[in-house]
Amino acid sequence: MSRPLRVAIVGAGPAGTYAADILVRAQEAEGKSVSIDLFERLPAPFGLVRYGVAPDHPRIKGIITALHKVLERDEIRLLGNVNFGTDITLADLRRHYDAVIFSTGCVLDADLDVPGIDLPGSYGAADFVAWFDGHPDYPRTWPLEAEKVAVLGAGNVALDVARILAKHADDLLPTEIPDNVYQGLKANPVREVHVFGRRGPAQVKFSPLELRELGHVPDVDVVVHPEDFEFDEGSEAAINSSNQTKQVVQTLMNWTTIEPEEQTASRQLHLHFLQRPVEIFGDGKVEGIRMERMELDGTGNVKGTGEFIDYPVQAVYRAVGYFGSPLDGIPFDAAKGVIRNVEGRVVDESGAVVPGVYATGWIKRGPVGLIGHTKSDASETVTHLRSDLDALTPAADGDPESILRLLEERNVPYTTWDGWLALDAHERALGEPHGRARIKVVPRDEMTAISRGA
Ligand SMILES: Cc1cc2nc3c(=O)[nH]c(=O)nc-3n(C[C@H](O)[C@H](O)[C@H](O)COP(=O)(O)OP(=O)(O)OC[C@H]3O[C@@H](n4cnc5c(N)ncnc54)[C@H](O)[C@@H]3O)c2cc1C
Ligand SMILES: NC(=O)c1ccc[n+]([C@@H]2O[C@H](COP(=O)([O-])OP(=O)(O)OC[C@H]3O[C@@H](n4cnc5c(N)ncnc54)[C@H](OP(=O)(O)O)[C@@H]3O)[C@@H](O)[C@H]2O)c1
């Protein structure tokens, strides 16, 4: 080919951005050129780093600086506010690119099949996270009316949700939270947040740092319950084989020694283990949750005891994992919520490779893992893409201007890297008089208008 390799990447979260970076570097190392268009449905890049990572984790949000450096490369062109499936299709991408990588992540909450899950007052963690992180496609207000709240799940998202619910709004004010989120949290009457893990303390999926952080939240006491501390052979094996598990269990054990009279904060964050949700109940709205006491079966798994405990709560948040959404025309494994693929090569139902179509990140392997893990993911996908290059059918129209004409013909108000720089500068300027790094702009039309200089 006399022109540079043309690749479309759909989804400008960490997975898509790392894939772009790795592809540019690999081509460069062999003296070959590449030109990448990175399509993103939002007017802002960075995926869950901007719209998932908690606002009071500025160090992790700082990964944006590294992603920014990638996106400012000449070989990569950001096309924001473009939704794959409505604004552009697979046929469009096949016509204009030699290969396509999907990195659309997972945005929805996994279902939880428990009676009462649809009662008013029962929420998905992903929706709450999107609200407090100022995602443009979610409602501006959130009903924070409960004094007692249950959070289901023992992963890091459950910790984020519980911490943001328990924290005083003024302690979040130095962060980038938009004003509507500050006002909502300021009115939050919460007194008790109860986090429930269905297995034991050695089976939780909390990270040690994130767990320890709970102990330092101002005016919030962490409460654990000694009757929840059970360890079987599987637990001992887990503790002995993982330093992380050892640290997590140690932190939890330390909290068992705190005397009740030492706990004087106005808000309490309870961590419960070995309890599985059985029913969310209430007359037209959440009034309580019934949990079944579980016991370890020797392997680290659990079985029911038939003993039930009712907790009076007015809201329930399920943080039991995220789930991927299908994309038009792309083979999808509905059971796992991922694009069908083998090591990033998209395959159809019969297992045959779909030439020139790849996946990476959470939509490739499911909603588990840290930002850094999307790098090794991207590396695997890009390696396969590059080894397939000779066999791929080149784009019929590889002119980089053609896709822009197509978007314009369709009246898609796409945004660009310069547009993001304008929005970024605007958000920083909003924060500056208040001594804050930035204040997020939330409404999509406002984000788009600022990006497009309108
Ligand atoms: C609440 C939460 C907090 C987290 N906190 C941390 C943390 O503190 N530290 C850490 O290491 N990891 C954290 N993670 C994990 C981390 O966010 C993920 O590992 C990572 O974001 C996955 O990257 P991704 O690019 O696959 O998906 P995403 O980050 O979700 O990016 C996908 C991108 O694709 C775009 N997209 C989706 N559909 C379309 C479409 N149809 N057309 C165009 N674009 C589309 C989305 O808008 C998004 O920008 C957290 C996860 C969650 C859920
Ligand atoms: N600060 C950070 O570093 C940070 C912050 C947020 C997210 N993340 C990462 O993002 C990824 C996703 O996090 P996540 O918290 O959504 O997922 P996760 O780590 O997979 O945790 C999900 C939790 O939900 C529980 N669960 C699942 N189904 C359940 C059911 N039917 N009933 C009761 N409990 C159920 C799981 O219990 P079982 O184990 O028993 O299945 C587990 O405790 C993780 O890799 C996480 O580390 C990182």
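Student: Where does a polar side-chain atom of arginine 198 lie relative to ligand 2?

Tutor: This is a predicted model, and polar contacts are read here as pairs of N or O atoms within 3.5 Å. A polar side-chain atom of arginine 198 is placed 2.8 Å from an oxygen atom of ligand 2. The side chain of arginine 199 also has an N or O atom 2.8 Å from a ligand 2 oxygen. For asparagine 156, the corresponding distance from its side chain to an oxygen atom of ligand 2 is 2.9 Å.

Student: How much of the accessible area of ligand 2 does the protein cover?

Tutor: On its own, ligand 2 has 910 Å² of accessible area, and the protein covers 82% of this.

Student: Which residues surround ligand 2, and what are their classes?

Tutor: The shell is read as the residues with a heavy atom within 4 Å. Ligand 2 has 19 such residues around it, the closest being Ala154, Asn156, Arg198, Arg199 and Gly369. Nine are nonpolar, five polar and five charged. Helix H7 gives the largest share of this shell, with three residues.

Student: Which residues are closest to ligand 1?

Tutor: Ala15, Glu40, Leu48, Trp362 and Gly369 are the closest of the 31 residues that surround ligand 1. By class, this shell is made of 17 nonpolar, eleven polar and three charged residues. At least two shell residues come from each of helix H1 (14-29), helix H2 (47-51) and helix H7 (156-166).

Student: Now the sheets. What is the order of the three strands in the open sheet with antiparallel pairing?

Tutor: A sheet is read by strand order and pairing. Here the order is S11-S12-S13, the sheet is open, and the pairing is antiparallel. Strand S11 (275-281) and strand S13 (302-311) are at the edges with a single partner strand each, so each has one side without a neighbour in the sheet. From one strand to the next, the twist averages 25°. S11 and strand S12 (residues 288-296) run antiparallel and are joined by six bridges. Opposite glutamine 275 stands arginine 293 in S12.

Student: What is the order of the seven strands in the other open sheet?

Tutor: The order is S3-S2-S1-S4-S20-S19-S18, with mixed pairing. Strand S3 (76-79) and strand S18 (341-342) form the edges; each has a single partner strand, so one side of each lacks a neighbour in the sheet. S18 is joined to strand S19 (residues 345-347) by two bridges, and these strands run antiparallel. Valine 342 has arginine 345 in S19 as its bridge partner.

Student: How many aromatic pairs does a search of the whole structure find?

Tutor: Aromatic ring pairs are described by the distance between centres and the angle between planes. The search finds 14 aromatic pairs. Among them, phenylalanine 39 and tyrosine 97 are edge-to-face, with 6.0 Å centre to centre and 90° between the planes. This pair links distant parts of the chain, 58 residues apart: phenylalanine 39 is in strand S2 (residues 34-39), and tyrosine 97 is in the loop between helix H5 (90-96) and strand S4 (99-102).

Methods: Residues are numbered from 1 along each chain as its sequence is written. Chains are lettered from A and ligands numbered from 1 in the order in which they are written. This is a predicted model: local features need pLDDT of at least 70, side-chain atom pairs count only at pLDDT 80 or more; totals for chains, interfaces and linings use all residues. Side-chain values use heavy atoms; hydrogens and water are left out. Helices (H or I, at least four residues) and strands (E, at least two) are DSSP runs, numbered from the N terminus. Ala, Val, Leu, Ile, Met, Phe, Trp, Tyr, Cys and Pro count as nonpolar, Asp, Glu, Lys and Arg as charged, and the others, Gly among them, as polar. Two strands pair if DSSP finds at least two bridges between them. Axes are lines fitted to C-alpha atoms, for helices over the stretch in contact, and angles run from 0 to 180 degrees between N-to-C directions. A polar contact is a pair of N or O atoms within 3.5 Å; within protein, one must be able to donate a hydrogen and the other to accept it, and residues adjacent in sequence count only if both atoms are side-chain atoms. Accessible areas come from the Shrake-Rupley method with a 1.4 Å probe; for residues, only the protein chains shown count as cover. Rings of Phe, Tyr and Trp (its six-membered ring) pair if their centres lie within 6.5 Å; planes under 30 degrees apart count as stacked, over 60 as edge-to-face and the rest as tilted.
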